[in-house]
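Please open the structure in your viewer and keep the selection panel at hand.

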Amino acid sequence: MRAMILAAGRGERMRPLTDTTPKPLLPLAGRPLIEYHLRALAAAGVREVVVNHAHLGHRLEDALGDGSRWGLAIAWSPEGEALETGGGIHRALPLLGEAPFIVVNGDIWTDYDFSGLPAEPAGLAHLVLVDNPAHHPAGDFVLDRGRVREGDGPRLTFSGIGVYRPALFAGCAHGRFPLGPLLRTAMARDEVSGEHHRGRWVDVGTPERLAALEAELLR
């Protein structure tokens with residue numbers, strides 16, 4: 001499987017750290033945040049990774065190069081102005097091919113094992129859900145017997161890790177748009193499977209969370 005790391009966000013909540021450094025390159029326990037994903041994807045057998053960028057994108061390309069030091073081949077998808085999650089993935093589809101592909105947000109940290117993801121999701125998408133963090137107590141979706149839905153019931157938080165078929169983006173026009181509405185439309189047709197990751201996961205969205213995670217990892 002190919003994979004895509006979403007790395008085009010401006011990182012407003014991380015300012016002033018992101019004024020001069022793209023968020024995926026912020027150091028975490030001695031290595032850039034995005035490197036944890038690159039190592040984990042390579043360990044899972046992924047060999048081709050697409051990385052999109054906008055804000056300070058040249059810094060990402062200079063730092064990561066062609067990916068060969070991790071046993072990967074990195075293809076770059078520059079956006080100029082960030083296209084949000086849906087628009088960024090849609091723009092990168094020619095680089096991702098016709099088979100299902102992994103997508104992971106560049107601003108999370110997790111111990112999730114990517115080798116457990118399905119190569120052929122039962123539907124248009126497969127999402128990894130996690131326990132609701134303190135800053136997002138209401139969660140996002142319901143996981144019911146392996147299917148992800150909206151509606152009543154205990155809710156979990158979308159981790160930013162998923163497997164998508166290119167067909168999820170059928171009919172989309174080029175430009176800026178979020179991923180959420182596409183997923184919700186697919187959920188309404190029972191086209192989204194899911195799983196509950198009970199291990200470690202952190203949305204590294206603020207300097208405070210970054211510092212807390214670093215202290216934990218260094219311990």
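**Stop one: Arg 15**

Select Arg 15, which counts as partly exposed because its relative accessibility is 42%; buried means under 20% relative accessible area, exposed over 50%, and partly exposed in between, with a 1.4 Å probe and protein chains only. The model is a predicted one, in which local features need pLDDT of at least 70 and side-chain atom pairs count only at pLDDT 80 or more, while totals for chains, interfaces and linings use all residues. Residues are numbered from 1 along each chain as its sequence is written, and side-chain values use heavy atoms, with hydrogens and water left out.

Arg 15 sits in the loop between strand S1 (3-6) and strand S2 (27-28); helices (H or I, at least four residues) and strands (E, at least two) are DSSP runs, numbered from the N terminus. Next select Asp 190: its C-alpha atom is 39 Å from that of Arg 15, and the two residues are 175 apart along the chain.

**Stop two: the whole chain**

Zoom out to the chain, which has 5 helices and 13 strands. Its radius of gyration is 16 Å, close to the 17 Å that the globule rule gives for 219 residues, so the chain is as compact as a globular protein of that length. The radius is taken over C-alpha atoms, and the rule is 2.2 Å times the number of residues to the power 0.38. Buried residues make up 50% of the 219 residues.

**Stop three: the largest pocket**

Which residues lie nearest the centre of the largest pocket? Select Leu 6, Thr 85, Asn 105, Asp 107 and Gly 160, which belong to a lining of 39 residues. Elements giving two or more residues to this lining include helix H3 (84-96) and helix H4 (180-188), and S11 gives the most, with 5 residues. The space in this pocket is about 940 Å³. On a 1 Å grid over the protein atoms alone, a pocket is an open set of points where a 1.4 Å probe fits, with protein on both sides within 12 Å along at least five of seven lines; lining residues have an atom within 4 Å of a point.

**Stop four: the second largest pocket**

Finally, select the lining of the second largest pocket, including His 135, His 197, Trp 201 and Arg 209. About 150 Å³ of space lies there, and S13 gives the most to the lining, with 3 residues.

Note on methods. Points joined across faces, edges and corners; volume = space filled by probe spheres on them.
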